[in-house]
Amino acid sequence: MNVLAELFPHVVQNWDGVLQATGETLYMVGVSLLFSVLLGIPLGVLLVLTSPGHLVPMPWINKLLGTVVNVFRSVPYIVLILWLLPVSRLLFGTSFGPTAAILSLVAGAAPFYARLVETALREVDAGVIEAARAMGASLWQIVLKVLIPEALPAMAAGVTVTGVGLVGYSAMAGVIGSGGLGAMAYNYGFNGFQNDTLLVATLLLILMVQLFQAAGDRIVRRLDKR
Amino acid sequence: MIELHGIRKTFSTGGKTVEVLKGIDLSVQKGEVFGLIGRSGAGKSTLLRIINLLERPTAGRVVVDGVELTALSERELRRARQRIGMVFQHFHLLWSRTVRENIALPLEIAGVPKREIRQRVDELVELVGLTERADAYPSQLSGGQKQRVGIARALANRPHVLLCDEATSALDPETTDQILDLLRSINRRFGLTVVLVTHEMDVIQAVCDRVAVMEGGRIVEVGPVAEVVARPQTETARRFLQQGRAGQRGAYVSAFSEESKPVAAQASGVRAPRAAAETAEAYLRLDLAGITAPVVEEAIRRYAADIRLCEGSLAEGPDGVRGALVVRVAGTPEEIQAVTDYWKAAGVNVTAVAPVAERGVRA
Ligand SMILES: Nc1ncnc2c1ncn2[C@@H]1O[C@H](COP(=O)(O)OP(=O)(O)OP(=O)(O)O)[C@@H](O)[C@H]1O
Ligand SMILES: [Mg+2]
């Protein structure tokens with residue numbers, strides 16, 4: 001314990017703070033990932049279905065959705081946070097803290113995930129869709145029983161990629177007082193000259209990403225029956 | 001069972017319009033296996049996809065089982081499609097589902113209760129001989145096994161009509177034969193009407209009752225397989241006949257046993273004509289469908305008349321030989337009569353035809 005206390009004085013002193021920051025990061029990433037996936041799937045499905053030559057081509061809607069998605073994806077996350085400050089004040093009554101951060105995190109990650117879903121669904125063999133049509137499947141049945149199940153491994157891989165991205169974004173959300181490991185590394189580690197805090201926060205972030213990626217890969221492997 | 005009236009289809013891509021089907025009228029009888037043959041791009045697949053309205057015709061009417069599909073609403077059309085099975089060249093199975101789950105898909109779509117689905121899937125798995133592999137994923141199956149799944153899936157909702165687009169084109173010859181046998185036995189057992197698209201004459205000869213030959217968006221020839229095989233009316237049909245396995249092996253020899261070899265030699269003119277005795281000649285068309293005995297060889301061996309093969313093509317079908325031959329029989333009128341009587345007694349449908357040379361067909 002002595003050695004630890006000497007090597008990581010601030011961390012040992014402020015162990016509770018480290019735990020809390022870890023929890024905040026997990027909360028922000030978890031909740032915003034959940035909402036990004038819930039929003040991204042229908043968006044991605046719409047992007048595919050309305051595209052030319054697909055099941056319900058609607059060029060106007062497709063263009064509109066595509067443009068909105070691209071706008072959100074082209075604004076750097078740090079700028080997105082600033083633009084969304086008034087919105088979160090309107091929605092949550094505050095523009096500060098982890099919940100306010102979730103709004104901008106979802107705004108950044110949902111369009112990204114929607115594009116990944118779009119790509120995954122596009123990979124589904126047109127022949128399989130044709131077979132389902134020949135069976136008399138409705139649009140809804142094709143989406144739920146054919147498109148999504150067939151694209152599931154790619155969609156799951158997309159969740160991993162999005163989650164890893166969100167860990168990075170969540171660190172930037174520190175500027176609006178989101179808390180979390182990123183904020184801790186910046187505030188205490190960098191600004192407070194606590195090299196040990198900086199190191200431990202970084203290591204925890206790396207560990208988080210590694211575990212998340214490994215779990216994601218396992219799930220994808222299990223889903224993929226090709 | 002299936003009636004197509006004045007079907008036209010134009011595709012427009014990048015400002016250009018192409019007429020792919022140029023007015024097709026076709027009627028497929030209940031319970032028959034109907035073949036559609038033609039070169040690549042002839043419009044076979046498009047025509048097949050118009051039967052279940054996967055593709056809407058630009059003009060014309062589609063009637064299946066007494067229902068005019070072209071007049072139905074989307075919802076009604078989906079219900080109608082549940083009774084029309086479809087089998088594809090590349091199987092189009094869902095790789096995320098096991099054999100059993102793939103076969104269950106059309107039943108789920110039709111809203112069949114779970115218990116019934118399980119029962120029906122068991123029946124189908126057995127029907128296509130995949131009981132052992134029922135829980136395998138498509139990626140673990142051979143091509144032939146995949147196509148069995150495709151067929152079982154197409155049969156799940158007890159359709160009246162089965163549409164097959166090049167169902168055997170991705171398979172090796174042996175597997176092709178197995179799949180064709182399966183299709184034929186299903187057709188017999190359930191009285192299913194089958195429309196089969198192919199570019200192989202062998203497939204047509206092996207399973208089809210009638211055939212339509214397509215060329216450039218039109219049907220240029222249609223008739224019973226034996227008829228088309230024996231006297232193709234168009235260059236397209238003739239070319240397909242030459243291409244077939246039967247054509248490569250020598251149409252005649254392939255249809256009979258070892259005994260046929262000397263006959264083949266005769267056919268190519270080895271035996272000297274008995275010119276002196278020949279006082280008469282007759283060109284006869286022998287319809288050999290369903291005949292299992294080597295009646296032509298036997299006649300050559302037993303009768304004095306000189307018998308030469310002129311044209312025709314035969315192949316082994318599921319119910320014996322299919323096809324017809326035109327032969328020239330020469331000798332005294334009594335000798336000719338004796339041979340003709342023998343064939344008639346053996347069950348061969350014998351008709352006199354014009355001399356081959358006069359009809360301008362290669363001898
Ligand atoms: N969706 C489409 N858009 C434009 N042209 C098409 C379309 N589908 C088919 N065609 C054209 O229609 C013609 C007939 O195609 P089809 O697939 O029916 O031919 P096929 O007889 O089945 O040929 P194959 O033996 O190669 O399968 C081809 O020239 C093809 O390019
Ligand atoms: Mg085709």
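Reply: Start with one term: a residue is buried under 20% relative accessible area, exposed over 50%, and partly exposed in between, using a 1.4 Å probe and the protein chains only. This is a predicted model, where local features need pLDDT of at least 70 and side-chain atom pairs need 80 or more, while totals for chains, interfaces and linings use all residues; side-chain values use heavy atoms, with hydrogens and water left out. Residues are numbered from 1 along each chain as its sequence is written, with chains lettered from A and ligands numbered from 1 in the order in which they are written.

Now the rings. Over all chains, you'll find three aromatic pairs. One is Tyr77(A) with Tyr169(A), a stacked pair with 4.7 Å centre to centre and 15 degrees between the planes. (Rings of Phe, Tyr and Trp, the last by its six-membered ring, pair if their centres lie within 6.5 Å; under 30 degrees between planes is stacked, over 60 is edge-to-face, and the rest are tilted.) Tyr77(A) sits in helix H5 (residues 77–92) of chain A and Tyr169(A) in helix H8 (residues 139–172) of chain A, so the pair ties together parts 92 residues apart in sequence. Helices here are DSSP runs of H or I with at least four residues, strands are runs of E with at least two, and both are numbered from the N terminus. Tyr77(A) has 6% relative accessibility, so it counts as buried. Tyr169(A) is at 30%, so it counts as partly exposed.

Over in chain B, the rings of Tyr303(B) and Tyr342(B) have centres 5.5 Å apart and planes at 40 degrees, which means a tilted pair. Tyr303(B) lies in the loop between helix H13 (295–302) and strand E12 (306–317) of chain B, and Tyr342(B) lies in helix H14 (residues 333–345) of chain B, so this pair links parts 39 residues apart in sequence. Tyr303(B) is partly exposed because its relative accessibility is 23%, while Tyr342(B), at 14%, counts as buried.

Chain A has ten helices and zero strands, and its C-alpha trace spans about 70 × 40 × 25 Å along the principal axes. Of its 226 residues, 44% are buried. Among contacts (heavy atoms within 4.5 Å) in chain A with a separation of 6 or more, 74% join residues 24 or more positions apart.

H8, the helix of Tyr169(A), turns up again as cover for another helix. In helix H9 (residues 181–191) of chain A, the buried residues are Leu181(A), Gly182(A), Ala183(A), Met184(A), Ala185(A) and Gly189(A). Their cover includes helix H3 (15–49), H8 and helix H10 (195–223) of chain A. After H9(A) comes Phe193(A), with a positive phi near 55 degrees.

While you're looking at chain B, check out ligand 1. An oxygen atom of ligand 1 is 2.8 Å from an N or O atom in the side chain of Lys44(B).

Definitions and conventions
Polar contact = N/O pair within 3.5 Å; in protein donor to acceptor, adjacent residues only side chain to side chain.
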